[in-house]
Amino acid sequence: MKALILYHSKTGFTQRYAEWIAEETDADCESFDHRDGIRFGDYDAVLFGSSVHAATILKLKWFKRQIPDWEGKRLAVFAVGAMPLSSGTPVEQLFAQNLTAEERRRVATFYLPGGLDYERMGAVDRAMMAIFRKMLAGKKARTPDEEAALKAISSSYDASDRRAIAPIVRWLARDEQ
Ligand SMILES: Cc1cc2nc3c(=O)[nH]c(=O)nc-3n(C[C@H](O)[C@H](O)[C@H](O)COP(=O)(O)O)c2cc1C
């Protein structure tokens with residue numbers, strides 16, 4: 001089985017995960033920016049990785065548009081976000097909001113913890129994070145989750161963990177649909 005990992009990454013977290021997965025499998029690894037030059041017909045499986053911004057998996061709409069053309073291929077998505085890996089319900093909600101039930105039957109979904117890198121972040125994203133921080137800081141009563149989020153986003157951090165790719169490596173090693 002020939003597999004492709006196609007990743008979209010703004011500050012490098014998703015790219016690092018894509019490269020870790022490629023190191024542990026014999027999958028090819030390509031940036032989303034190079035998608036026009038890729039011969040998708042050569043692949044039996046496509047694993048699409050991208051980061052979460054404002055509860056949206058970036059460029060996922062593009063990936064979903066390809067599904068009708070990719071009949072017979074095994075398909076999966078991994079999303080990289082600031083949420084910790086343990087947050088079960090928010091992760092389920094994320095995929096329920098970004099894929100229809102039918103799409104979720106067709107596409108395997110995985111979540112990986114990323115981080116925040118203010119140095120590599122673009123100006124617009126930095127400004128959005130500042131608004132989010134102000135909004136949380138201005139709340140009179142913060143839930144424990146909001147309190148933790150406010151602390152986490154006050155500076156850059158890296159929660160990426162190579163061990164978290166294990167379920168994806170297993171998925172790629174399987175042969176069935
Ligand atoms: C403007 C902005 C919005 C974000 N929104 C979310 C979000 O809704 N949920 C989440 O888990 N992470 C969110 N994040 C965190 C990113 O998903 C995280 O930084 C990720 O590791 C980035 O991966 P990348 O460097 O591959 O793009 C947001 C980050 C930015 C800059």
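This is a predicted model: local features need pLDDT of at least 70, side-chain atom pairs count only at pLDDT 80 or more; totals for chains, interfaces and linings use all residues.

Reader: Which residues come nearest to the ligand?

Author: There are 22 residues around the ligand, and T11, T14, S51, G81 and G114 come nearest. Here a residue is near a molecule or strand if its C-beta atom, placed from the backbone, lies within 6 Å of it.

Reader: And which elements supply that shell?

Author: At least two residues each are supplied by α1 (13–24), β3 (45–53), β5 (74–81), β7 (115–116) and α5 (123–138). These labels are DSSP runs numbered from the N terminus, with helices (H or I) of at least four residues and strands (E) of at least two.

Reader: How do the shell residues divide into nonpolar, polar and charged?

Author: The shell divides into 11 nonpolar, 9 polar and 2 charged residues. In this scheme Ala, Val, Leu, Ile, Met, Phe, Trp, Tyr, Cys and Pro count as nonpolar, Asp, Glu, Lys and Arg as charged, and the others, Gly among them, as polar.

Reader: Back to the domains: how many residues are in contact between them?

Author: 6 residues of domain 1 are in contact with 7 residues of domain 2, where contact means that two C-beta atoms, placed from the backbone, lie within 7 Å. On the side of domain 1 that touches domain 2, the residues divide into 2 nonpolar, 2 polar and 2 charged. The C-alpha centres of the two domains lie 25 Å apart.

Reader: Changing topic, I keep looking at β3. Is it mostly covered or exposed, and how many of its residues are buried?

Author: β3 is mostly covered, with 8 of its 9 residues buried. A residue is buried if 20 or more other C-beta atoms lie within 10 Å of its own, exposed if 12 or fewer, and partly exposed in between, with C-beta atoms placed from the backbone.

Reader: Which strands pair with β3?

Author: β3 runs parallel to β1, joined by 6 bridges, and pairs with β5 in the parallel sense over 7 bridges. With β4 (residues 56–57) the sense is antiparallel, over 2 bridges. Strands pair if DSSP finds at least two bridges between them. As landmarks, H8 stands opposite S50 in β3, A45 stands opposite R74 in β5, and H53 stands opposite T56 in β4.

Reader: What is found between the strands in the hairpin of β3 and β4?

Author: The hairpin has 2 residues between the strands, and A54 takes a positive phi near 50 degrees. A54 is not a glycine. Most residues other than glycine have a negative phi. A54 is exposed, because it has 7 other C-beta atoms within 10 Å.

Reader: What about F48, buried or exposed?

Author: F48 counts as buried because it has 24 C-beta neighbours inside 10 Å. F48 is in strand β3, where it is the bridge partner of L6. Not counting residues up to four places away in sequence, F48 touches L6, F63 and V77.

Reader: You mention V77. Which residues of the largest nonpolar core touch the most other members?

Author: That core has 31 residues, and I5, Y17, I21, L47, V77, F78 and A79 touch the most other members. The elements that give it two or more residues include β1 (3–8), α2 (60–66) and β6 (107–113). A nonpolar core is a set of buried Ala, Val, Leu, Ile, Met, Phe, Trp, Tyr and Cys residues joined through C-beta atoms within 7 Å. Leaving aside neighbours within four places in sequence, V77 is in contact with F48, I57, L60, F63, V107 and T109.

Reader: Last one: which way do the residues of β1 point?

Author: A3, I5 and Y7 point one way and L4, L6 and H8 the other, and all are buried.

Conventions: Residues are numbered from 1 along each chain as its sequence is written. Domain bounds come from an automatic or database domain assignment.
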